[in-house]
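Let's walk through this one together, a piece at a time. Keep the sequence and the 3D view open as you read.

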Amino acid sequence: MPAYEAILILKKMARPEVAKALKRATTNIFNNNGLLFGIENLGHRALPYGISAHGRRHKEGSYFLIRFDSSTTTIEVLKDEFRRDIDVVRNGFVRIRPEENIECTLDEEMKPPAYRQDVKDMIEEGRRREKYKFQPKTGLEYNPWRT
Amino acid sequence: MMPIVRTLARSRSMFSLSASVVNPAFSSSIIRSNYIPVRGIKTTDTMHPDPVYDEDEKVLKKVLEERQQQCEDLPIGMDNPYEKPKKICILCEHGITPNYKNIKLLYQFVSPYTGMPYERHITGLCKQKQEQVEKAILLAVNLGLMSNYLKEVEFLKDPKLCDPERPFRPHKY
């Protein structure tokens, strides 16, 4: 099953209520055949911008990170559940993929344009287009269209 | 056979009259076309430098190695000893992949004046890393982790990676 990370922002509440909201979120994951790996508390801090949710404007919230595995179809169900939860200010899911090894191409990009491979390819493509001639392929020696 | 020859002769004469408006695709020895190619004309005198092809150096190296085996007095085929080390962008150098949770790193590529991510000529990242950084910033902003219109006060004193006054490549600003 693919790995996901859910970022959950809960509104400013007392501690027992925060625990209840998290419990609700995790039971939703369990009910939909998900594997929970852990919950991390990213702290209670001021939001970077004001967010309106469920008829209220929020300026601060508690951030939580939930790491879990689930099938791709359950993410829609979880999104729906979070959307309806009044205590949740904002929710989001991120699919965790393995990191790819990338070769740095900065050296190639910093060269002057005449020495860059992609510019050379562009010039060649331009030249190819100019040389294109319409091939009538009529099999006749003369021009039947008189142009 | 006779009727075919006559029709051909007629068509030839017809085409020689209207030679100026002939289709270049049919330019053959029968038809004398007045078509002038417009694109191939040289309009300026500027001479562009011949690009240095890496293939030539490789071929030279091979040839010199072959000849070295025959006669010992020839120059040895070796790598260019004066070749400068290849430039690598700062994230590739340290092997860092930007993550949407690491907002401190992402804010280093954001302008403290506008709150927008800097372009590639200011950050000095390679194309793929710049794309990764921009994607991570967008994700962080959408999830409510990062601001989209300013750089948070706690991150303003961080080490400067991007200087818009001294970009890696010239810009019009």
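Helices (H or I, at least four residues) and strands (E, at least two) are DSSP runs here, numbered from the N terminus. On that basis chain B comes to 6 helices and 0 strands, and read along the sequence its pattern is α-α-α-α-α-α. A bit of housekeeping: this is a predicted model, in which local features need pLDDT of at least 70 and side-chain atom pairs count only at pLDDT 80 or more, while totals for chains, interfaces and linings use all residues. Residues are numbered from 1 along each chain as its sequence is written, chains are lettered from A and ligands numbered from 1 in the order in which they are written, and side-chain values use heavy atoms, with hydrogens and water left out.

Stay with chain B for a moment. Of its 173 residues, 27% are buried, where buried means under 20% relative accessible area, exposed means over 50%, and partly exposed is in between (1.4 Å probe, protein chains only). The accessible surface of chain B comes to about 13,600 Å², and 56% of that belongs to carbon and sulfur atoms; areas like this come from the Shrake-Rupley method with a 1.4 Å probe, and for residues only the protein chains shown count as cover. Now take the contacts in chain B with a separation of 6 or more, a contact being heavy atoms within 4.5 Å. Residues 24 or more positions apart account for 60% of them.

What about the cysteines? Cys89(B) is in no disulfide, and its nearest cysteine sulfur, that of Cys92(B), sits 3.3 Å away. Cys126(B) is in no disulfide either: the nearest cysteine sulfur to it belongs to Cys89(B), 3.6 Å away. Cys89(B) has 0% relative accessibility, so it counts as buried, and Cys126(B), at 0% relative accessibility, counts as buried too.

Over to chain A and its helix 1, which takes in residues 15–31. The expected span of a helix is 1.5 Å times one less than its number of residues. For the 17 residues of helix 1 that gives 24 Å, and the end C-alpha atoms are 24 Å apart, which agrees. The buried residues in this helix are Val18(A), Ala21(A), Leu22(A), Ala25(A), Thr26(A), Asn28(A) and Ile29(A). Look down the axis of helix 1 and they fall within an arc of 150°, so they line one face of the helix; the arc is taken from the directions from the helix axis to the C-beta atoms. An α-helix has 3.6 residues a turn, so residues three or four places apart point the same way. That buried set in helix 1 packs against strand 1 (3–11), strand 2 (35–53), strand 3 (56–69) and helix 2 (74–84) of chain A. On the other side of helix 1, Pro16(A), Lys20(A), Lys23(A) and Asn31(A) are exposed. Just after the helix, Asn33(A) takes a positive phi of about 60°.

Next, the charged pairs. The structure holds 10 salt bridges over all chains, each one a side-chain nitrogen of Lys or Arg within 4 Å of a carboxyl oxygen of Asp or Glu. One of them joins the side chains of Lys101(B) and Glu5(A) (2.5 Å, N to O). This pair crosses between chains, from the loop between helix 3 (90–94) and helix 4 (103–107) of chain B to strand 1 of chain A. Lys101(B) counts as partly exposed at 32% relative accessibility, whereas Glu5(A), at 9%, counts as buried.

Another salt bridge links Lys11(A) and Asp87(A) (3.7 Å, N to O). Lys11(A) lies in strand 1 and Asp87(A) in the loop between helix 2 and strand 4 (88–96) of chain A, so the pair ties together parts that are 76 residues apart in sequence. Lys11(A) is buried, with a relative accessible area of 15%, and Asp87(A) is buried at 14%. Leaving aside its neighbours within four places in sequence, Lys11(A) is in contact with Arg56(A), His58(A), Ser62(A), Ile86(A), Asp87(A) and Val89(A).

Finally, Asp80(A) and Arg84(A) meet in a salt bridge (2.3 Å, N to O). Both lie in helix 2 of chain A, 4 residues apart, about one turn of the helix. Asp80(A) is partly exposed at 26% relative accessible area, and Arg84(A) is exposed at 51%. Elsewhere, salt bridges that share partners join Lys11(A), Arg24(A), Asp85(A) and Asp87(A) into one network.

Note on methods. A disulfide is a pair of cysteine sulfur atoms within 2.5 Å.
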